[in-house]
Amino acid sequence: MTAPQPKRLADYTPYPFRVDQVALTFRLAPCATQVLARLDLTPQSPGADLRLDGEGLRLLALRLDGHALPPADYTLTETGLTIAARALPAAAFVLESEVEIDPAANTALEGLYMSGGMFCTQCEAEGFRHITFYPDRPDVMAPFRVRIESDLPVLLSNGNPVAQGTGWAEWHDPWPKPAYLFALVAGDLVALRDRFTTASGRSVDLAIWVRRGDEARCGFAMEALKRSMRWDEEAYGREYDLDVFNIVAVDDFNMGAMENKGLNIFNSKLVLASPETATDADYERIESVIAHEYFHNWTGNRITCRDWFQLCLKEGLTVYRDQQFTSDIRSAAVKRIEDVLALRARQFREDQGPLAHPVRPESYIEINNFYTATVYEKGAEVVGMLRRLVGDDGYRRALDLYFDRHDGQAATIEDWLTVFEHATGRDLTQFKRWYSEAGTPRLRVTEDWDGSRYTLTFTQETPPTPGQPVKTPRVIPIAVGLLGQNGDEVVPTRLLEMTEASQSFAFEGLAARPVPSILRGFSAPVVLERETTQAERAFLFAHDTDPFNRWEAGRSLARSALMAMVGGAAPDPDLIAAYGRVLADAPADPAFGALCLRLPSEDEIATALHAAGTPPDPAEIHGARARLTHAIATAHEGALQAVFAAMADPGPFSPDAAPAGRRALRMACLGLLNRLDNGARAERLCDAATTMTERLAALACLIEMNRAAGALARFRDGFAHDRLVMDKWFMVQVLHAAPDLAAETAAHLAALPDFDWKNPNRFRALMGGLAANHAGFHHASGAGYRFYADWLIRLDPINPQTTARMSTAFETWPRYDAHRQALMRAELGRISAQPGLSRDTGEMVARLLA
Ligand code: ARG
Ligand code: ZN
């Protein structure tokens, strides 16, 4: 096999045929499914060969306008089928193919595969080519008719049901769509049903399909779906457009969920929830992913992407929309903080390492490797910045124009920016750099006070990233407010628009030198660098009127205290005192209080140390964090006990934001008190808990105290048959294992019979738990690295996509000391030397080592 060649944005050419209609027939059988495809095609560019993608298909028959095509007229390769132009009519024609595929052998979970006895599909990005010969690219859109033949009782596909009989069903999707939105499900499933009436009166039958026995755990997802449908009408004026909306939960899934037209397919962990089995974080995530996939119906399906380089067009926008939804129905401040925490932990980390790439990449080998935090989360930040720059009204006008102008099309980032320009009259030439240049800008700020005028001077600089040594200045929206010495807001939030490499902004007529609150609400995805005193940060932590920046001030205080503690310093008494105030205020806003109590993660401290020029020592960081936790607990034991008691929930259970916030605060207190009572409280709670939130938090505490054996055994007895809960059982033990024990614990768990490693959720639970155990994964022995690499090597031939994705655990190697760098590079080298390594993992490892 020749080395895979990169695809480039610059090489885009339109497909030379139009697909007017697609009719598919599936004769389902686990090991030998037949797929009959009838494509109505119209040539668009005379003389072009007809090239169809197809991989792993056994071709049974090929007919053009009803006649078998002679082998001399086409060529078949490992990646597709080409029919010579000379064999094609000049006008519209019909191509029919029959192929055979083997869903039962499909462990890559791409195309048509089996999961727990049911047939299901995953076609984004390029899975449809594993089902039939087709132009598998998003700019080819067509209406689909699908006939499914199978003895299984439930047979689903996209669009509206047309007819069904014993052993068959037919579906029709009137909305032209690209092949990546195709879906088919067949199984012995049961549904939770409901109904939704759209703003204009269309009645929509809703159903969530699950395995028998799971139907009682779909109620929350159904409520989330209805809330999403209403919200999209109210916030964006977007209505649903079919008679049915189906969601199916499957246990084996490479990602979170998929927005197939009218038939969303979900990882079961993002659908099923009950108080005993799902944590509050699970509930919140289910709600946001249900919303995300539903919102794709307009931003993704009705308007799709011209090519995969434009992925952020649908993903960045849809993430932005699901974030808006969550902040509307829960707490906006808490949501923003959670999103920024995730952005920094995943996207900043990506942007600062060897895998850095622009929000709109310009080349790739395997597109599945670009479903990244940069495309999704930074893509959403870019939409948020656009909105801040043009204002709420401008944003609404631009979005209305976008839907008007591009409905039914496969669009580009240029189209997207043009609607903003036309709707608001703004020139977005410079703004576009957010899409084309990788890297996180560093924003330095200095201040000047001359007795009445206060001046802020900003300097921006973006470090080089792979393939992009030189960066140009970005447009950066910087939200700033000024506070008086007593904490009053003397200048309310104002948006500064920075466009130069260095730029000053003056505030006139102030009576006294103010305290600035900069980058309020995290108005741009940058690293803010500001020389400031601990006292000023403590002031902002106590007084900032912007909740995000209030939290941020506390976070940065804790971060610098921890950095100093890694160097041997004692806990900062001012910081300890500040936590006393947090605890006093927390009961008034428990979710916010819980966030303020949460210390920076070990990975975050490692990043900060690296940025300050010190290679992080994971063991030292782990120790420093434990010492600070202990010091806070000791200083505030009484208050912690009081808050812990006050936040107890008398029930009945509700997954709403308010009670979830109380549980979060209570569990934050538990985590601190745990150090003092040596796990006694956690032990009691673990058995008495009525929610998974409490049970799992208590279990983590016991693991940290190394007294979890009994609780783990009881947990396992209670939930042995629940796959999703057992994933948590696997994860929590590795994630919270002491650094010296992490690799050993992981190896012990991996040897258990219920470590079903071919199931991506189970694999991710164990291996993801190890990668997230910072001091364990980065243990100086290299045992964590070795174990992890062994398993990537084992999984790669089975499931390249998940393997490639999980290789990102190694992306931080340049941060560490020479010893750890060498260990990590050696493991990456060992992976890359595997014979037959997948294209997915091959590309990742090459980029990681470059
Ligand atoms: N479009 C899906 C979502 O974000 C993601 C599916 C990606 N799947 C994949 N195999 N690359 O909602
Ligand atoms: Zn999406």
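Let me begin with a definition: a residue is called buried if 20 or more other C-beta atoms lie within 10 Å of its own, exposed if 12 or fewer do, and partly exposed in between, with the C-beta atoms placed from the backbone. Leu-519 is an example of a buried residue, since 25 other C-beta atoms lie within 10 Å.

The structure before you is a predicted model, in which local features need pLDDT of at least 70, side-chain atom pairs count only at pLDDT 80 or more, and totals for chains, interfaces and linings use all residues. Residues are numbered from 1 along each chain as its sequence is written, while chains are lettered from A and ligands numbered from 1 in the order in which they are written.

The C-alpha trace spans about 85 × 65 × 60 Å along its principal axes. Of the 850 residues, 50% count as buried. We call two residues in contact if their C-beta atoms, placed from the backbone, lie within 7 Å. Among contacts with a separation of 6 or more, 70% join residues 24 or more positions apart.

The chain has 26 helices and 31 strands. These are DSSP runs, numbered from the N terminus: helices are H or I with at least four residues, and strands are E with at least two.

Positions are given in the numbering used here, feature names are shortened, and annotations may be inferred rather than shown by experiment. The record lists "domain: Aminopeptidase N-like N-terminal" for residues 106–181, and in the model this span is 0% helix and 50% strand, with its end C-alpha atoms 19 Å apart. For residues 220–434 the record gives "domain: Peptidase M1 membrane alanine aminopeptidase"; here we find 56% helix and 9% strand, and end C-alpha atoms 37 Å apart. Residues 439–530 carry the entry "domain: Peptidase M1 alanyl aminopeptidase Ig-like fold", and that span is 0% helix and 52% strand.

Which residues are closest to ligand 1? They are Glu-124, Met-255, Met-258, Asn-368 and Tyr-371, and 14 residues surround the ligand in total. A residue is near a molecule if its C-beta atom, placed from the backbone, lies within 6 Å of it. Strand β20 (257–258) and helix α2 (280–295) each supply at least two residues of this shell. By class, the shell has 5 nonpolar, 5 polar and 4 charged residues. Ala, Val, Leu, Ile, Met, Phe, Trp, Tyr, Cys and Pro count as nonpolar, Asp, Glu, Lys and Arg as charged, and the others, Gly among them, as polar.

Two of the elements just named lead us further. From Glu-124, the peptide bond to Ala-125 is cis, with omega near 5°, and Ala-125 is placed in the loop between β11 (118–122) and β12 (142–149). In helix α2 we find Phe-295, which is buried, with 28 other C-beta atoms within 10 Å. Phe-295 and Ser-228 are 67 residues apart in sequence, yet 7.6 Å apart in space, C-alpha to C-alpha.

Let us now consider helix α8 (residues 534–543), whose buried residues are Arg-537, Leu-540 and Phe-541. Seen down the helix axis, these fall within an arc of 105°, so they line one face of α8; the arc is that of the directions from the helix axis to the C-beta atoms. An α-helix has 3.6 residues a turn, so residues three or four places apart point the same way. The cover over the buried residues of α8 includes β30 (515–518), α9 (547–566) and α10 (573–585).

Helix α9 also holds Arg-559. Is Arg-559 buried or partly exposed? With 17 other C-beta atoms within 10 Å, Arg-559 is partly exposed.

Finally, I return to Leu-519, in the loop between β30 and β31 (527–530). Its phi is near 65°, a positive value in a residue other than glycine. Asp-65 also has a positive phi, near 45°, but Asp-65 counts as exposed, with 12 C-beta neighbours inside 10 Å.
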